[in-house]
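Work through these exercises with the model open beside you. Try each task before reading its solution.

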Amino acid sequence: MSPRLQLLFEQLPNLLGGHLSLAVPAIFVGVLISVPLGILCVKSATIRGPVMTVISLVQTVPSIALLAIMVAILGGTIGYRPAFVALLVYSILPIVRNTIVGLDGVDPAMREAARAVGMRPAQQLLQVELPLAFPVILAGIRTATVWVVGIATLSTPVGAPSLGNYIFSGLQLRDWQRVLFGCVATMTLSLVLDQLIALIETSLQKRRMGLVWGATAALAGLLAVGLGPQLFRSTATGFAGMAAGNGSPAATSPTVAPPPLAGQTISIGAKGFTEQLILTELIADRIQAAGGVAKRLGNMGSTIVFDALAKNTVDVYVDYTGTLWSTVLKEPEPIGRAAMRVAVAGRLYDDYGIVSLGSLGFENTYALVVQAGEASGRGLQGIADLTPLADQLRIGGDPEFFGRPEWQRVRSLYQLEGIKQVGMDSTFMYQAVADGQVDLAAGFSTDGRIDAFGLAVLDDPEEAFPPYDAVLLLSPAAAENRPLVAALRPLVNRFSVAAMRAANRSVDEDGLTPRDAAKQLFAAPSTSARLPEPPPASAGTAGSQPVPQ
């Protein structure tokens, strides 16, 4: 077995346990809610219409959107709770619908016979109607099980580990073996659960109780195997961690003082692209070197991870000043690079209690990229050169980009309203430009694939894109943790754009793991051609914030 495949199997128990700990309770609670609700709908025509309408409408909400909505409803909470609630909602419709169909399908003669022998309504329901409707209800439970197991893979973006970690990390790392492994594992789990429930259903109908108990024991055994790691491990593998394996804090000798972060678990948030995976590993290495346990929560959207930081659900993550300026602070016009760093730091502290520890030393701005040969042939040097060609062009970019105010500003300043937008995952957009499937893409200035695919970056003379300095953010609670602040300070103002681009390329093109790329990046000599850190504003001003010690 290859080392990469061996690593995938080593991560399987924890991720399978995370998946089962989401799916099984959601289905179980869904049954407890849906069957009584279905009975109520059968008994009351007044309730039936509105209930089915609401359930059906909720079911039409895209699953990834429902997960994000649950994060917002739960006050920015990420992890298990929003994922569980979303899966619970998705389990309800098929069970309610099949409960109604099953009870409606009971032969009226059987009801008449029950009444004739003097059964009360409750006895009639429990002893006649539900047993006759049970096969149909169980079919609804089977449908809900398949749905929930599949949808649970989408819990990764809200910080709940699942088999989806394989898929999301594989897409970002362009590791198709990882993606396929995650898909096969999810499909296998769905089929096994479906067939075990089907066996219970058919065995009950034939009154073969030995098979019923055997299938039930097999279900219990599967749950025990899957949930065992969750019950006996103190931490779960997060998204970034599964890309390279979790490190563990150094053992502490009882004869020496414990490390400064001994016994502490620090949650690291991350967005869903290669650079964030590498930066997560950089932060994790610093935490583990100080004796702490790093819990990685990755592939999260910009607003989800920021809200989690503000709520102290995430302790630390790296964001970008331009993103914070436009998306969080809702500022329509960019300002100078140094001024933006000061303003962002002050506003985050004043409005949210979040502390910016400082810039990592590089800027990762949005950049419109084209084929180098196409740029040379058409004389494309800056974004303004696209204006007369806008109606003929297609631009690829991740869906988040096309909804951002920066893109609206670029379209307005350079008159690109006629350009056709093609949404895609950032994993695919550079290849799409290189292959001519789109004419240009909204890339990132530190992405190693710009060089790897022979692409050219168009100038932005109007400075439509704001500055995007990578800054290290601490939650209000984490900012008070002096050992954590001390452990992370060596990352401030340390890395250049060239070094970050090389690290990204080593993962995207050379097959290095994010963890190994992070170690190489930190070990490389620090460069000094970066913008100096601005001094903190004086107390009482809009830009004031404490300087963590």
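**Exercise 1.** In this predicted model, find what share of contacts between residues at least 6 apart in sequence join residues at least 24 apart.

*Solution.* Take the contacts between residues at least 6 apart in sequence. Of these, 79% join residues at least 24 apart. The chain holds 22 helices and ten strands.

**Exercise 2.** Classify the ring pair of F9 and F181, and say which helices hold the two residues.

*Solution.* Step one: the ring centres are 5.0 Å apart, within the 6.5 Å limit for a pair. Step two: the planes stand at 90°, and over 60 degrees counts as edge-to-face, so the pair is edge-to-face. Step three: F9 lies in helix α1 and F181 in helix α8, so the pair ties together parts 172 residues apart in sequence.

**Exercise 3.** Decide whether F9 and F181 are buried or partly exposed.

*Solution.* Buried means under 20% relative accessible area. F181 has 13%, so F181 is buried. F9 has 40%, so F9 is partly exposed.

**Exercise 4.** Classify the ring pair of Y366 and F465.

*Solution.* The centres lie 5.9 Å apart. The planes meet at 35°, so the pair is tilted. Y366 is in strand β5, while F465 is in the loop between β9 and β10, 99 residues apart. Both Y366 and F465 are buried. They also belong to one aromatic cluster, whose members include W407 and Y468.

Terms used
Residues numbered from 1 in each chain as written. Predicted model: local features only at pLDDT ≥ 70, side-chain atom pairs only at ≥ 80, totals over all residues. Heavy atoms only, no water. Helix = DSSP H or I, 4+ residues; strand = E, 2+ residues; numbered from the N terminus. Contact = heavy atoms within 4.5 Å. Phe/Tyr/Trp six-rings, centres within 6.5 Å; stacked < 30°, edge-to-face > 60°. Buried < 20%, exposed > 50% of the residue type's maximum accessible area, 1.4 Å probe, protein only.
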